[in-house]
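The stops below proceed from one selection to the next.

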Amino acid sequence: MESQLKEDIPVHEEFILCGGSETQVLKCGPWTNLFDDQSANRPKLLIFILPGNPGFPTFYVPFAKALYSLTNRRFPVWIISHAGHAMAPKDKKILTTSEDPNAQEITDIYGLSGQVEHKLAFLRTHVPKEMKLVLIGHSVGCYISLKMLKRTPELPVIRSVLLFPTIERISESPKGRIATPILCWFRYVLYAGLYLLFKPCPQKIKSLVIRMGLQAMNVESEFSLMNVLEPFCLANSAYLGAQEMMKMVERDNETIKEHLSKLIFYYGATDLWCPKEYYEDIKKDFPEGDIQLCEKNIPHDFILHFYQEMADMVADWLKDDLSKI
């Protein structure tokens, strides 16, 4: 199965300018331009993955491939980076568009609110407005998904899947209590350290460190992960993390109530970013909602080693919706 996924399923990498920020988009499936009217097999739906933080799409490729295969290869599965979390290699062309939304820069694009606008700007310029959407958020991607629904309720979203959702009280979580002082109080010390450590580091050394890290984690990667050690990307990830700690406090019950029929929540039983009590609280507030607690001991960072199990479940949840498309 693994070799078949690697060999048979095409994944196209693009770097685009979105809202004034370089953005990496990985497109799983044969469709690279959804506005192509010449294609008789133009899909009617896009599965759109919103990553956690840091927002490196490369880590989500095995999950995207598995999901693409499990949905019978009928629909494109695209992964978008967060703004500021990707820099195009020197040999890669950055694609631009003359469409209005992408031509305008977004205020504080590297922050929480800016990241929401960044994803909406991408959809406006790269996805036909009538195309149905399945949003799959992971971690902070769940928060972004909910805010997209809040700001643009006319989006043709038929389902929003929220995996290990960090959507409230993140600074009070076990890991949040550790991350908050580092990201909020010592942020500039962290920035300086990152630049001093990685900026003068030769590319060959960075490549070696990344290769050794992937081997240690027993993880493979089809695409470059140089952004993982790029000070600019790491600083933007830390900045987004600081805003998560400060601004992700109250759960947006209004948006959840309005779109509850479209939402699927999946909480981890041992998730230190959104502990079990958060699941119990939202389950109590929305007893009629599709709110599930993991029974398979899948960790928050499922994309590294549990992507197949997660893809199996997501495909099963989407089965009825997709059968109507």
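**Stop 1: Backbone exceptions in the loops**

Select Arg73, which is found in the loop between α2 and β4 (77–80); helices (H or I, at least four residues) and strands (E, at least two) are DSSP runs, numbered from the N terminus. The model is predicted, so local features need pLDDT of at least 70 and side-chain atom pairs count only at pLDDT 80 or more, whereas totals for chains, interfaces and linings use all residues. Residues are numbered from 1 along each chain as its sequence is written, and side-chain values use heavy atoms, with hydrogens and water left out.

The phi of Arg73 is near 55 degrees, a positive value in a residue other than glycine. Most residues other than glycine have a negative phi, and most peptide bonds are trans. Arg73 counts as partly exposed because its relative accessibility is 30%; buried means under 20% relative accessible area, exposed over 50%, and partly exposed in between (1.4 Å probe, protein chains only).

Next, select Asp108, in the loop between α3 (100–103) and α4 (112–126). Asp108 is not a glycine, yet its phi is positive, at about 50 degrees. With 36% relative accessibility, Asp108 also counts as partly exposed.

Then move to Pro54, in the loop between β3 (45–50) and α2 (61–70). The peptide bond that leads from Asn53 to Pro54 is cis, and its omega is near 5 degrees.

**Stop 2: The sheet**

Select the strands. An open sheet is formed by 9 strands in the order β5-β1-β2-β4-β3-β6-β7-β8-β9, with mixed pairing; two strands pair if DSSP finds at least two bridges between them. At the edges are β5 (94–95) and β9 (290–293), each of which pairs on one side only. Strands of a sheet pair through backbone hydrogen bonds, either parallel or antiparallel.

Which residues stand opposite Ile16? Ile16 faces Leu95 in β5 and Thr23 in β2. Strand β1 (residues 11–18) pairs with β5 in the parallel sense over 2 bridges, whereas β1 and β2 run antiparallel and are joined by 8 bridges. The hairpin of β1 and β2 has 2 residues between the strands, and Gly19 in this hairpin takes a positive phi near 60 degrees.

Continue to strand β2 (residues 21–28), which is largely enclosed by the rest of the structure because 7 of its 8 residues are buried. Strand β2 runs antiparallel to β4, with 4 bridges between them. To locate this pairing, select Lys27, which stands opposite Trp78 in β4.

**Stop 3**

The largest nonpolar core has 97 residues. Such a core is a set of buried Ala, Val, Leu, Ile, Met, Phe, Trp, Tyr and Cys residues joined through side-chain atoms within 4.5 Å. Select Phe63, Phe122, Ile136, Leu163 and Met310, the residues with the most contacts inside this core. Helix α12 (residues 307–323) gives the most to the core, with 9 residues.

Now display α12 against the sheet. Helix α12 lies across β3, β6 (132–138), β7 (157–163), β8 (263–267) and β9, and runs at about 160 degrees to β7. Axes here are lines fitted to C-alpha atoms, for helices over the stretch in contact, and angles run from 0 to 180 degrees between N-to-C directions.

**Stop 4**

Select Asn236 in helix α9 (residues 231–247). Is Asn236 buried or exposed? Asn236 is buried, because its relative accessible area is 8%. A polar atom of the Asn236 side chain lies 3.1 Å from the backbone oxygen of Phe232. Leaving aside neighbours within four places in sequence, Asn236 is in contact (heavy atoms within 4.5 Å) with Gly84, His85 and Tyr110.

Finally, select Arg251, in the loop between α9 and α10 (253–259). Arg251 counts as buried, at 12% relative accessibility. Its side chain makes polar contacts with the side chains of Glu168, at 3.0 Å, and Asp285, at 2.9 Å. A polar contact is a pair of N or O atoms within 3.5 Å; within protein, one must be able to donate a hydrogen and the other to accept it, and residues adjacent in sequence count only if both atoms are side-chain atoms. Not counting residues up to four places away in sequence, Arg251 touches residues including Ile167, Ile256, Asp281, Ile282 and Phe286.
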